[in-house]
Amino acid sequence: MKSTKRFFARLFSFATAKAQDQRLSEEIEEHIALQTDENLRAGLSPDEARRQAILKFGGREAIKEQYRSERGLLFFENLARDLRLAVRMLRKSPGFTAVAVVTLAMAIGANAVVFGVLNALILNPLHVPQADSLYGIQHGNEASSYQSYPDYLDLRDRNRSFDDIAGYDAAQVGLDDSGDPSRAWIFLATGNYFDVLRLQPFLGRFFHASDEHGPNSAPYIVLSYSYWHTHYQDDRGVVGRVVQVNKYPYTILGVAPPGFNGTLVFFNPAFFVPLVNQEQVEGVNDLNSRGKRFIFMTMGHLKPGVTKAQAVSDLNSIGSYLEKTYPKDDDQRTFTLARPSLYGDYLGKPMRAFMTGLMFLSALILLAACANLGSLFGARAADRSREVALRLALGASRARILRQLFTEALLISLMGGALGLWGGFVLMGGLSAWQPFSRWPAQLAVNPDANVYGMALFLTLASGFLFGAFPVRQVLRTNPYEIIKASSRGIVSGRVTIRDLALVVQIAICALLVTSSIVAVRGLLHSLHSDLGFDPRNATIADTDLSMAGYSGARVPQMQKRMIDAVAAIPGVESVGLIDLAPLVSGGTIDSAVFRDATADLRPSNAAATSFQYVISPEYFHAARTALLAGRTFTWQDDANAPRVAVINLEFARKVFGSAANALGGYFKKPDDTRLQVVGIVENGKYSRLTEDTQPAMFLPFLQSPSTQTYLAVRSDRDPAQLAAAIRAKMRNLDSGLPVYVGPWNKELATTLFGSRMAAITLGVMGAIGAMLSITGIFGMAAYSVSKRLRELGIRMALGAQRKEVLQAALGRALKLLGIGSAVGLLLGILASRVLSAIVFQATPRDPVVLAGVVAAMLLLGLVATWIPARRALAIDPAILMRED
Amino acid sequence: MKQKSDVPQGTLALMVLKTLDVLGSLHGYGIARRIEQISGDLLAVNQGTLYPVLLKLEQEGMIASEWGASENNRRARFYRLTKDGRKQLQVETQDWQQTAAIIERFFAAKAEDLS
């Protein structure tokens, strides 16, 4: 009680320190006056009376100091005093302050953003309760998770490890709620989806397992919060409304909670529809086909007490049951568990590796910034050694002086941290709003939470202490008498110091980043000009899905034929080809096992190869500029009544037939036992990813294997925007209820190039930051060494040294460090490129352009950094300099 | 000449409280003089040391102060005991007397008393 009362009294008097000082002075004056009067009465002379009074009172300043320490919070008072001095010192050298603050702001901002993304992507991605026990079920032999509906039911009902298992598939539908059809990406989710995720609706209700009564029995919609917000403007009245999905009536049941955007990070579905309605949504009913693995992913919470290993062995025993029971459809049913948010390990592994690498790099940048500022700080402390010595001589404790230096360091780091965090916020806001793909609902909400703030604050304080610690040894070793006696100009020793090492490390990191970013950019340019097996330039893609407008059966190819004819009639269109999924555009691919003609037992393990499968119109190869190497392409006569035929690529021919010569005219089989004759062979290409190995691919005539998915490849020299408008008009004429997407083909490649592009951009940004850091580091060192050696250089010049020799003396050390650092960084960069080649197509440092680029960049950097110190060294006038001291 | 002794920590505060209890409102100089007089000049006090003690007591709420006019009609700060201070004084007086009594008994004790 007493002490708290006293604390508040102290706090109060801390605030009113001035008035209190005044009061004490007055009291002391009065006290001494009264004592003087007394002494006068006792018969002393006036002077003596006052002298005795003062003596009796005791050391006035000591009393005042004691009084102050009783009165207020000495710590805070000293802090305030240190802060005032620090502000004054920093204001005296605005250049130093600006460089330090901006350097730190960049480093801390970069860390905050990278950590924010890491947090949103990996640490805290899904915004569902108890995400710790939520696992996705992926295949044991590869990082994928798709299941067929019957297999899903078996896994769900036979396992003893999960509370329950849910599944979903992503699909695109045509949504019509006011006569204006639009396309929307949705999740087809099992009825128990929301219950498995333990979510509560924001509005209305969710659908549940009890709503499912067989195919197409649950025409319900649950909206995602953000879609409800943007599309329905937070209208609470939408619950219960009936809208048209692919021309079928669906009832909106409710709205999912804010922050929940499905269970796949950066794929934000507009709404959720029960999976049993697959036929209405995707145009096919695969609910009873064990071989059709259309469920994108399954997941569930582990029961309390069940370990991952137990769950995996439980699932594997179900897997071996499935293998035995359904040998035709199920083989190699083994499983592993992974986080569902990034599609298990498929994206999760590379993303985790990439983000960890990025975090590591940004931490290195911060470390470099600290080393840099530390050496600048050390240099400043050395310049202030006379001041420090003077203060020591006057009785200041070393702790007090260090405290002053740390206050300065922390002030700078706090300013830098605040600025960096602000910049980070702006960037994260931009990232959250950014939709990199026009045709995918890909968006990543990077909302800084307590984790990010905490991290930024921690880094700020840690870096402040780190670079503030550089001059500590210097101050502790200061001998006031020596320094005041001698001149302040120290001798630059030839020894390798920590400062040198710090600078080399920093330059090496910078060179590493510069190397990596040049490698990434080169790889990106390569991939734009590599042989894709088609030519995306001067070609436009128009795509739609006929199931969205209710087409099925024989009406599908009829409609597609009319679409092709309509677009071909547009003036300036050279050719139009149809394909069910455009390579490198649609994201998804269809692949199928293929068997040699001689194979009778068509179980998956007997397959000769797994091949991409495309369905095309006769004109497609011409429109896509895919070279036909042998045989013929399809004709309009290859229809449902003609013998089944296929065109294959070289790789297919090599794998299944041994050679192209054997392949032409040969037969192969698909898992449904259809026998196809090879009528043509085309060049290899890229189908799913740019970085993929050469893959087999087969092309089937669309009249024999119809698909509602429709991509029109339109070859034309016309302006893409005009062409797009013309295509849209034609489509509207054919069917006004058909949502069509039109865009230039090479722009549509953005999805596949996304990884490389992101890698190039992030590395480029980090490289730029690293370069700036190195410049400030080299500059600081060179400038310091020149100013320390002014006298020596002056004497040399007076003795007739040449400009070259002077420069060598002044800057030789900094340049030598630059050389060593660059070499080390380049070597590290070459090693790091192995990691990079997983993301960026053809990323290789064994490329003269890369090597030359790095050397040029580092030279330029050295030139910029040493320009001013060199000018200063050359401008030395020995006469003036000698006169000075 | 008798050796003057230092004032133990805390004792000065007790003296201040007792002085104010007996004499009522008093300024700093007055308190210093009274303590000097009562202790019979045995205590070597730099009068100045009184002020930090006064501040501490005031912050603890034992005493209160206000400006008033001194004997020679100048502005002076007058201190008086608060209710809390009076209570505290009673407690500390008791404690002190108890301690003194115990110490006295130890001094009075002879070897045969302890056997």
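This is a predicted model: local features need pLDDT of at least 70, side-chain atom pairs count only at pLDDT 80 or more; totals for chains, interfaces and linings use all residues.
User: How many residues of chain B are in contact with chain A?
Analyst: 19 residues of chain B are in contact with 23 residues of chain A. Contact here is C-beta atoms, placed from the backbone, within 7 Å.

User: Which elements of chain B supply that side?
Analyst: Helix H2 (28–38), helix H3 (50–59) and strand S3 (75–81) of chain B each supply at least two residues. H3(B) gives the largest share, 5 residues. Helices (H or I, at least four residues) and strands (E, at least two) are DSSP runs, numbered from the N terminus.

User: And how do the residues of that side divide by class?
Analyst: There are 5 nonpolar, 9 polar and 5 charged. Ala, Val, Leu, Ile, Met, Phe, Trp, Tyr, Cys and Pro count as nonpolar, Asp, Glu, Lys and Arg as charged, and the others, Gly among them, as polar.

User: What pattern does chain B follow?
Analyst: Along the sequence, α-β-α-α-β-β-α-α. That is 5 helices and 3 strands. Of the 115 residues in chain B, 28% are buried. Buried takes 20 or more other C-beta atoms within 10 Å of a residue's own, exposed 12 or fewer, and partly exposed lies in between, with C-beta atoms placed from the backbone.

User: Switching to cores. How many residues has the largest nonpolar core?
Analyst: It has 228 residues. A:Ile365, A:Ile579, A:Leu712, A:Ala713 and A:Val714 have the most contacts inside it. Apart from it lies another core of 26 residues, including A:Leu24, B:Leu20, B:Ile31 and B:Tyr79. A core is a set of buried Ala, Val, Leu, Ile, Met, Phe, Trp, Tyr and Cys residues joined through C-beta atoms within 7 Å.

User: What is A:Ala713 in contact with?
Analyst: Leaving aside neighbours within four places in sequence, its contacts include A:Ile541, A:Ile579, A:Tyr620 and A:Trp745.

User: Helix packing next. At what angle do H6(A) and H25(A) cross?
Analyst: Helix H6 (residues 94–123) and helix H25 (residues 750–788) of chain A cross at roughly 150 degrees, and their axes come within 11 Å. Axes are lines fitted to C-alpha atoms, for helices over the stretch in contact, with angles from 0 to 180 degrees between N-to-C directions. So H6(A) is roughly antiparallel to H25(A). Under 35 degrees counts as roughly parallel, over 145 as roughly antiparallel, 65 to 115 as roughly perpendicular and the rest as oblique.

User: Which residues make the contact?
Analyst: A:Val99, A:Thr103, A:Met106 and A:Ala110 of H6(A), with A:Met766, A:Ile769, A:Met772, A:Leu773 and A:Thr776 of H25(A). They divide into 7 nonpolar, 2 polar and no charged.

User: What is phi of A:Tyr343?
Analyst: Near 55 degrees, a positive value in a residue other than glycine. A:Tyr343 lies in the loop between strand S10 (335–338) and helix H12 (344–383) of chain A.

User: Is A:Tyr343 buried or exposed?
Analyst: Buried, with 23 C-beta neighbours inside 10 Å.

User: And where does A:His127 lie?
Analyst: In the loop between H6 and strand S1 (134–139) of chain A. Phi of A:His127 is near 55 degrees too. A:His127 is partly exposed, with 14 other C-beta atoms within 10 Å.

Key: Residues are numbered from 1 along each chain as its sequence is written. Chains are lettered from A and ligands numbered from 1 in the order in which they are written. Two residues are in contact if their C-beta atoms, placed from the backbone, lie within 7 Å.
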